Amino acid sequence: MSIGSRKPHESAVGHVTGSAVYTDEQRRPAQMLSVYPVTAPYAHARILSIDISAALALPGCVTVLTAADVPGCNNTGVIVNDEMLFPTETVSHWGQAVVWAVGTTELAARQAAEKVVVSYEPLEPVLTIEAAIATQSFHTCPQTICRGEPQLALRSAAHQLSGELAVNPQDHFYLETQTSWVIPDGEGHYQVYSSTQHPTETQTIVAQVLGLSRNQVVVTCLRMGGAFGGKESQANPYAAIAAIAAHKTGCPVRIKLNREQDMTLTGKRHGFLGRYEVGFTAEGKITALDADLYADGGWSLDLSPPVLLRAMLHIDNAYYIPHLAVQGHIARTHKVSNTAFRGFGGPQGMLVIEEIMDHMARSLHLPPEQVREQNFYHGTGETNTTHYGQEIVDNRLARVWAEAQTQANFAARKAAIAQFNRTHPYQKRGLALTPVKFGISFNKVCYNQAGALILIYADGSIQLNHGGTEMGQGLHTKMLQVAATTLGVKIHRFRIMHTSTDKVPNTSATAASSGSDLNGQAVKDACQTLQARLAPVAATLLGLNAPTEILPEEIVFADDWAYCRNNPDAQISFEQVIAAAYTSRISLSATGYYRTPNLTWDPVAGKGQPFYYFAYGAAVSEVAVDGFTGTFQLRQVDIVHDVGESLNPLVDRGQIEGAFVQGMGWLTMEELVWDEAGRLRTFAPSTYKIPTVSEIPENFEVHLLTRAAQEGVIYGSKAVGEPPFMLAMSVREAIREAIAAFGPPGTLVPLQSPATPEAILTAIEAVQAQSRCYETV
Amino acid sequence: MEFTKKEKPLKEKPLPQQPLTLLVNGQTADLTAVSPTMTLLHYLHHSGRTGTKEGCGDGDCGACTVAVLCTGADGTLRYQAMNSCLIPVGAVAQREIVTVEGLTESFTAGLTDGPLHPVQAAMVKTGGSQCGYCTPGFIMSLFAAYYDGSVDDIAIEGNLCRCTGYLPIRRAATALMQEMAEAKPCDRFTQRLSLPSASPDPPPSLLQYLGPQEQFYRPTQIPQVLSLLQQHPNATLIAGGTDLGLDISHQRRPFPVLVSLEDVAELRQIHQTETAVEIGAAVPLSQIQSYSQTELPGVFPSLDEMLVWFAATQVRNRATLGGNIATGSPIGDLPPVLLSLDATLKITGMGDRLAPYRRTLPLADFFKGYRQTDLQPQELIELVSIPLGITPGAVRRYSQSYKIGKRGTDDISIVAAAFVIDVEASGRIVHARLAYGGVAAIPARAIAIESALMGQLWNFTTVQQIKPLLLAAFTPLSDLRGSARYRQKLVVNLFEKFFVETIEGLEN
Ligand SMILES: Cc1cc2nc3c(=O)[nH]c(=O)nc-3n(C[C@H](O)[C@H](O)[C@H](O)COP(=O)(O)OP(=O)(O)OC[C@H]3O[C@@H](n4cnc5c(N)ncnc54)[C@H](O)[C@@H]3O)c2cc1C
Ligand code: FES
Ligand code: FES
């Protein structure tokens, strides 16, 4: 069950029996308190006064936390200090937590929170990107990445188009809401259990608000019930609140947001506004692009700069654009502070270029897949180099593209669909093929490092620690496989330990799809260190019965046995080696470490090698659209995706399928709605709809690209968490094909995102209106 | 009436009561200190059974699914999947449930090497869990379906998973179906299902569950219900609790006295007479579904169709017809169907002199305004009567319903519509019903359009002529689900779709 096997998730049995423990399901310590927020009824308002006296009078209310209770810094900003934990002057989004009641039970805390009286003076809010542009409300200066002379090239282009696309935001909707426990030890130290993707940052923020050094705080993540980027920075404030409550009361404190709180308090995928001017040839070759990307940052900066940067670095997707300028802006609005979410800005940038590809294709009456393909990065040198100057060393676009067409039987189905559409006036089908190229590595170079710690006990059992967190993506499973393979032992020897900052310090977030790339190498490194120590021990043991001396270099560890390469029949057990190592006073624990080589990024020039490599994929989707209602049905999906040499095909397939469906939800049904006052109206699954099983077609084929080993990556594998998310763009484009079929050929299809039934019906009406124009001309 | 004004038997002479218990995974749990309005989910957590998860507390995610032992319409025992976040403990006292911890005996004992239940083994094998937080809910939905003999998408459409994209879970379901085709389930659960119910469902006598602050009554006869309502002016009726449960789950308002209808046998029956089908107000929707499929195949296509799109399995196992009507929502899905079928209600109440009375009311007269109905305090809906047969003189009935939401499955309607057109031999329309939800403050018929259709030929020209009128028939509002304009469009387009589909149906 090591590298390359379909080993089920390491906690699968725990999951299906309900025995896997999540943060809030640990045995509760005595006197554990709960907290509950008092939330702002305005998107933007000045706080005039806060009266907590009535709350304090309630039985069961222990205290009410205000800014005055913060022993350290009242701020949880992760890039800049602009995120007040307890706002003192103004509230900056509807539902913002102003103060927190602490109660003996959650109900008591809630009843106390309801008694807190806050008076406000409402202020004018900025609620949309357009309003932010109009009022010049931005977090940072604009960023630019430029290659060539786009404006010049635009003017000389045979064809020019301009357009705009509003890219919708998305709620993470992890099934387990934000949760933290903080247990003070009475000696000034704090043990934090948090459902966090970034234990080190949670540790940093908790230390910062408590005014402690980091060694006073230990953050442990047992496992997460889903995260998707939503627990990269967003877990921190809640751990911080619980820590302040624990500090003030001396008691253990728990916090678990309910769904409504989670959806109103936490940041989401950034909504974007993309504006573009594009120049292209009569054959549909793009020659120039000038684009502005506006990200809705929300009230504080959070992770918006790197999210925006990734959008800017992915506005090319798979396409070579000789002259390209992209300007990025972060709007400051009075909404939740938007954050990391699977793809981290990449999807938003890529959706804009796919919109452009379609726009070009339809205006030239060319098949969209043809226009896409002929714009691919290709060859070597300039035509295979991104707008930020990174050469695409191992370009697999042509391969995934061709294989996806074959797997999906694309050409024949396209013809059959055209035939179907001719005879069905009220229902149209659409088929679309879209590519994905996604850069792997954190843009911030220093995050590309990882550590591991392996402890072997004298009985031969092993504990495996590494810096990555488990959120369902199967990282722990893969790490066990890497460790077992490298050390040459059976996987059941290992116990994977909870991720904890007292085992591996200064870790990076488990994010950017990098979990197994980084931690895998660190685990491998630790295993190799141990093996180097064990090999002489094994050589000595085996040498006792051997005619000639055995050298440590000749020792092979495999499947719980050690033997000499030249004589595999003479074996000794791993236990024997460990017992002997112990008595020979050999250290049985080791750390491992890894940093990704060859990364560079010059933020001023907007140039460098920010990515270690790229992941590729292509997807074909077929839909049927109902002309009366705008509802659609996804009929078939065929995916070819490049995961390198899969560490675990079961896990990787699960990532591809799950990401695709999440992406499909984003683009078709997950609509966040705010009212004119900036109040989120969709804060529960009754109003915010993510896909169910019934939206998934029976025909859903995933093919892992074969012969795909990636050099320099752990066991030839590739990152898989995020890239497949963007394969779902094929669903949006298939819907657009179907809508187009309601009008004459060459009809432009303005389609909002998400493509809800209402948006689709509106688009159908638009193409039908165009057809009426054609008829009357 | 069994008692008179002076007796007030319930308040002054409490019936001897057996201790309040709940059988969880074969173990008797004592409910004495537990408030009857605590949700079953919270109770499980408070008693240390944290395997069952909370993903929303709204009935929408299924993470909290448990299996409740119920007596089916045919009298046999079944496990039914239900959302424990919407069930007050009072509703399951004296009942038997299975939670995820109960599937493997050794796991409940804290061991980790016991044999997995086939449902669990299938999910492990196919990679059906990633983060695992939704998994206990899926396991319990699959578990209930496994003993029902049909493990399919419908069994799990009420369970959200954000990680897997459902494909491996569907593979697990498919594998289970194959296993079941080879050998029918035979284990301690099938054994349990073959025994008589330990606690008869519904129980023979009134159950009263008096918590420190809240009281929960489960009467078994209509007169008991009426008398409880009379004694407790602050009482609230609860049937499946899938509307009320939201308030209970979020503790949004106090419920000092809840009177449950779920044990009242008279309210849980479906009768057919010569001229009508009478559906008891407290019959769960899933039971109406199976009744309609077996006893009335093809008779009410619009009802069958709407029930498919109504919530999901866990909710349909609890939700009732009476609740859907009494709640008076403008976006309830069954009122448009029932309006189109000219359904009438039988309403029961207690008169001034404590004499019970019954009245009959066309459903069309029941809805008075936004969430206002003709139901008087201390009245209850007893049954819904749907006429059988088509208009005299007609030769054919066209009837269908449609529901449009942002998501096809388990969503609240943007617009729901139900249509009935009866035509005579000449092809002229002799009876027309166009009923809609989501376009007005109440579920409403387009009465002017119905009249305009009378005597017209049921053809393309008529439909085109009626469209402009229909567009102006309602002035819906915009909300988070859809704009007024979209709703107006749907009012028209759904009718046209109905026409096109009936004609296509004829051609096929
Ligand atoms: C996840 C979810 C999905 C849902 N999906 C849908 C959907 O698709 N379509 C839809 O229409 N609804 C939907 N609902 C709403 C709800 O399920 C229905 O309205 C259901 O029919 C209510 O029935 P109940 O028995 O659960 O009512 P309860 O919650 O028990 O009661 C509702 C109200 O009716 C009163 N009442 C109940 N029975 C009677 C009676 N016999 N006489 C007088 N008063 C009575 C109660 O006092 C209460 O005020 C959904 C709810 C949830 C939680
Ligand atoms: S917790 Fe989501 S349905 Fe019960
Ligand atoms: S496995 Fe994570 S939500 Fe289903």
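**Where two chains meet**

Tutor: Chain B gives 69 residues to the contact and chain A gives 69 residues; contact means heavy atoms within 4.5 Å. This is a predicted model: local features need pLDDT of at least 70, side-chain atom pairs need pLDDT 80 or more, and totals for chains, interfaces and linings use all residues. Residues are numbered from 1 along each chain as written, chains are lettered from A in the order written, and side-chain values use heavy atoms, without hydrogens and water.

Student: What is the area buried between chain B and chain A?

Tutor: About 5700 Å², with 58% from carbon and sulfur atoms. Buried area is the accessible area (1.4 Å probe) that two parts lose on being put together, summed over both. In chain B, Tyr133(B), Arg162(B) and Lys406(B) lose the most area to chain A, together 16% of what that side buries.

Student: Why is the meeting of Lys53(B) and Glu25(A) called a salt bridge?

Tutor: The rule asks for a side-chain nitrogen of Lys or Arg within 4 Å of a carboxyl oxygen of Asp or Glu. Lys53(B) and Glu25(A) are 3.3 Å apart, N to O.

Student: What makes helix 18 of chain A largely enclosed?

Tutor: Helices here are DSSP runs (H or I, at least four residues), numbered from the N terminus. Buried means under 20% relative accessible area (1.4 Å probe, protein chains only). Twelve of the twelve residues of helix 18 of chain A are buried, so the rest of the structure largely encloses it. Among them are Met729(A), Arg732(A) and Glu733(A).

Conventions: Buried < 20%, exposed > 50% of the residue type's maximum accessible area, 1.4 Å probe, protein only. Helix = DSSP H or I, 4+ residues; strand = E, 2+ residues; numbered from the N terminus.
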